[in-house]
Amino acid sequence: MTTSSNDGWRIFRGDGVPRSVSMPAAPPWRRFRTPGMPPPALPYLIAPEHADIVNAALHLRRPLLVTGSAGTGKSSLARAVAHELSLGEVLRWPVNSRSSVQEALYRYDAIGRLRETTLSRDRGEAEPSIGTFVRLGPLGTALAPQDTPRALLVDEMDKGDVDLPNDLLTVFEEGVFEITELARLPEEMADVEVLTADHRGTVPVHRGQVQCTEFPVVVITSNGERDFPPAFLRRCIRLDLPMPDEERLRAIVAAHLGPEILQEVDDLLQAFLRRRAPGELATDQLLNAVFLRSGGVDLDADGLLDAVLHQLTGTV
């Protein structure tokens with residue numbers, strides 16, 4: 001193990017002296033894609049019995065409601081399914097207390113349309129199509145008709161308004177919604193191209209109705225902060241992801257950073273397991289510690305291990 005005398009990993013010295021440095025390679029899970037390129041595929045390990053529940057949701061065309069503690073891989077599951085089934089980029093709807101189904105379906109820029117229409121008339125040009133001012137949200141894009149289903153991640157549903165799950169019932173059950181502003185148009189404007197949430201072009205909408213041809217692969221995550229109504233739960237397939245045990249933690253570390261690293265990090269793994277027992281720790285915190293160790297960082301330095309493996313609950 002690298003000793004504290006080797007401080008070559010210290011890019012920042014805190015001495016106020018400017019210097020040119022070469023940034024070290026980022027962890028695999030913190031490398032960002034080039035615009036227009038697919039996101040990097042990270043390994044995802046799941047027990048066979050849990051994979052079977054995912055398959056049940058796929059066969060039944062039902063949303064998958066995934067619960068579990070922080071760091072159990074709830075959000076990553078959507079990306080893993082999309083990657084393995086070649087479904088393209090995951091559409092993501094991060095839910096908060098102000099989220100509504102309306103905004104997840106579509107947004108209409110009435111002010112922008114009025115402004116652009118006025119400018120076009122002043123210039124003697126044709127008015128822009130109303131579809132230019134309608135953009136589907138992540139849920140709306142997932143429901144747009146296409147040959148293969150899209151993957152949609154509804155992240156942290158339990159942070160939303162208490163009525164949000166019930167507001168989704170009809171959409172999930174029937175796979176259809178209406179864009180009111182387009183439904184009001186005259187017959188000669190029955191077909192309109194609208195923008196999508198992923199900025200990859202447009203999709204056609206007939207008479208304001210968006211009806212899916214293939215129900216999307218919907219993964220809904222929840223941290224268990226509150227219960228959902230029975231009517232909503234009845235329409236979901238439920239999967240509870242447990243905290244990984246020592247064997248699975250070793251497999252996760254090996255999958256992300258290589259099996260050879262396991263010989264050097266047994267003490268970190270045991271420290272993680274001890275600290276996880278009384279409170280929440282996420283698996284990615286262990287990966288962070290292992291990655292630092294592999295880069296020559298002395299994790300025995302005062303306070304450094306505490307900073308990396310800090311509890312996720314309680315006062316900070």
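This is a short tour of a predicted model, stop by stop. Residues are numbered from 1 along each chain as its sequence is written. Local features need pLDDT of at least 70, side-chain atom pairs count only at pLDDT 80 or more, totals for chains, interfaces and linings use all residues, and side-chain values use heavy atoms, without hydrogens or water.

**Stop 1: helix 2**

Select residues 74-84. This is helix 2. Helices (H or I, at least four residues) and strands (E, at least two) are DSSP runs, numbered from the N terminus. Which residues of helix 2 are buried? Lys74, Leu77, Ala78, Ala80, Val81 and Ala82 are. Buried means under 20% relative accessible area, exposed over 50%, and partly exposed in between (1.4 Å probe, protein chains only).

Then step to Ser86, which follows helix 2 and has a positive phi, near 55°.

**Stop 2: two loops**

Select Arg61, in the loop between helix 1 and strand 1. Arg61 is not a glycine, yet its phi is positive, about 55°. Arg61 counts as partly exposed because its relative accessibility is 43%.

Next, pick Glu156, in the loop between strand 5 and helix 6 (164-167). Glu156 is another residue other than glycine with a positive phi, near 60°. Its relative accessible area is 27%, so Glu156 is partly exposed.

**Stop 3: Thr117**

Go to helix 4 (residues 110-123) and select Thr117. Is Thr117 buried or exposed? At 10% relative accessibility, Thr117 counts as buried. Follow its side chain to the backbone oxygen of Arg113, 2.7 Å away. Leave out residues up to four places away in sequence, and Thr117 touches Glu127 and Pro128. Contact here means heavy atoms within 4.5 Å.

**Stop 4: the cores**

Select Trp93, Leu139, Ile179, Leu182 and Ile220. They have the most contacts inside the largest nonpolar core, which has 39 residues. A nonpolar core is a set of buried Ala, Val, Leu, Ile, Met, Phe, Trp, Tyr and Cys residues joined through side-chain atoms within 4.5 Å.

Zoom in on Ile179. Not counting residues up to four places away in sequence, Ile179 touches Tyr106, Val134, Leu136, Val205, Gly208 and Val210. A second, separate core has 23 residues, including Ala271, Phe272, Val290 and Leu309.

**Stop 5: empty space**

Rolling a probe the size of a water molecule over the atoms shows where empty space is left. On a 1 Å grid over the protein atoms alone, a cavity is a set of points where a 1.4 Å probe fits but cannot get out, while a pocket is an open set with protein on both sides within 12 Å along at least five of seven lines; lining residues have an atom within 4 Å of a point. Grid points are joined across faces, edges and corners, and a volume is the space filled by probe spheres set on the points.

How many cavities of 30 Å³ or more does the whole structure hold? The search finds 1. The largest cavity has a volume of about 30 Å³. Select its lining: Arg250, Val253, Leu262, Val265, Leu269, Leu286 and Val290. Helix 10 (246-257) and helix 12 (283-294) are the elements that give two or more residues to this lining.

Last, select Ile11, Pro24, Ala25, Phe291 and Leu292. Of the 14 residues lining the second largest pocket, these lie nearest its centre. The second largest pocket holds about 350 Å³ of space.

Conventions
A polar contact is a pair of N or O atoms within 3.5 Å; within protein, one must be able to donate a hydrogen and the other to accept it, and residues adjacent in sequence count only if both atoms are side-chain atoms.
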